[in-house]
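Keep the structure open beside you as you read.

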Amino acid sequence: MKIVHIEKLISCGSYAVSPHGTETKALIHAAVRKCDWPHGSGKFTIFPEKDGNGVVPIKKEFLAELRKRGWAIEGKAKNKLDQALGDFDAVILGPEGAVVTEWETGNISSSHRSMNKLTMLVSDGVIAAGVLVVPSRKLYEYLTDRIGNYRELEPYLKLWKSVPCQSGVLEIVVIEQDAESREVQKIPKGTDGRAKKPKARRSRRSGGT
């Protein structure tokens, strides 16, 4: 997998230039680049079919690499009001607070929720850094329909950059395939990128008395 762009939204204070901040960002980027398809091939090759590939197997490989390096998977975080904000894909503690990473497997609304949470936590000083990993438009074309992607986040970058911060880092890492080939297997799909449809309820007819 290759990284085609890193959008630095917030980079301020001591953590942004600290050894831990530099090392942790490098570790996240290295974990992204370790993702390959087919597994074991050493590069990320995608079957070039519109909406033809899933995303969860890619994310699992990324998280497995972080777990090896001591990250907590499905870690939790709270805001300043002690309100739970749900689980994050990967969390590791640092000298100035937690570093949180999210790998987008949901739709664009999910991407906005992730960015809003990460922005708030960095701005409030609850976490030291937040990183969201999203596909480029080129990769998006071949993934689950409506998966969150960088192009659709771009109009809102100015908003997230305008948030005040004393110390912290907020980044979007944009990923893309190394190659395309119809000789490789499609990445299996789940329900990611689409909202789950509720099951239809069967009506019950009351019997006569």
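Let's start with the second largest cavity: its lining residues split into six nonpolar, two polar and one charged. Keep in mind that this is a predicted model. There are two cavities of 30 Å³ or more in the structure, and ten salt bridges are counted as well.

**The second largest cavity**

- This cavity holds about 30 Å³ of space.
- If you want to find it, look for the residues around it: Tyr15, Gly21, Thr24, Lys25, Ile28, Val99, Ala129, Val131 and Val169.
- Helix H2 (19–33) and strand S6 (127–135) each bring at least two residues to this lining.
- H2 gives the largest share, with four residues.

**The largest cavity**

- Here you get about 50 Å³ of space.
- Its lining is made up of Val55, Ile58, Trp103, Glu104, Val133, Pro135, Leu139, Leu143 and Ile175.
- Sort those lining residues by type and you find eight nonpolar, no polar and one charged.

- Glu7 pairs up with Lys161 in a salt bridge, and their closest N and O atoms are 2.8 Å apart.
- This pair connects distant parts of the chain, as Glu7 sits in strand S1 (residues 2–12) and Lys161 in helix H7 (residues 157–161), 154 residues apart.
- Are the two partners buried or exposed? Glu7 counts as buried because its relative accessibility is 10%, and the cut-off for buried is under 20%.
- Lys161, on the other hand, is partly exposed, at 41% relative accessible area.

- Glu65 makes a salt bridge with Arg69, where the closest N and O atoms are 3.9 Å apart.
- With a relative accessible area of 12%, Glu65 is buried.
- Glu152 makes a salt bridge with Arg137, and here the closest N and O atoms are 3.8 Å apart.
- Glu152 belongs to helix H6 (residues 150–153) and Arg137 to helix H5 (residues 137–140), so this pair ties together parts that lie 15 residues apart in sequence.
- Both partners are partly exposed: Glu152 has a relative accessible area of 22%, and Arg137 comes in at 25%.

Technical notes. Residues are numbered from 1 along each chain as its sequence is written. This is a predicted model: local features need pLDDT of at least 70, side-chain atom pairs count only at pLDDT 80 or more; totals for chains, interfaces and linings use all residues. Side-chain values use heavy atoms; hydrogens and water are left out. On a 1 Å grid over the protein atoms alone, a cavity is a set of points where a 1.4 Å probe fits but cannot get out, and a pocket is an open set with protein on both sides within 12 Å along at least five of seven lines; lining residues have an atom within 4 Å of a point. Grid points are joined across faces, edges and corners, and a volume is the space filled by probe spheres set on the points. Ala, Val, Leu, Ile, Met, Phe, Trp, Tyr, Cys and Pro count as nonpolar, Asp, Glu, Lys and Arg as charged, and the others, Gly among them, as polar. A salt bridge is a side-chain nitrogen of Lys or Arg within 4 Å of a carboxyl oxygen of Asp or Glu. Buried means under 20% relative accessible area, exposed over 50%, partly exposed in between (1.4 Å probe, protein chains only).
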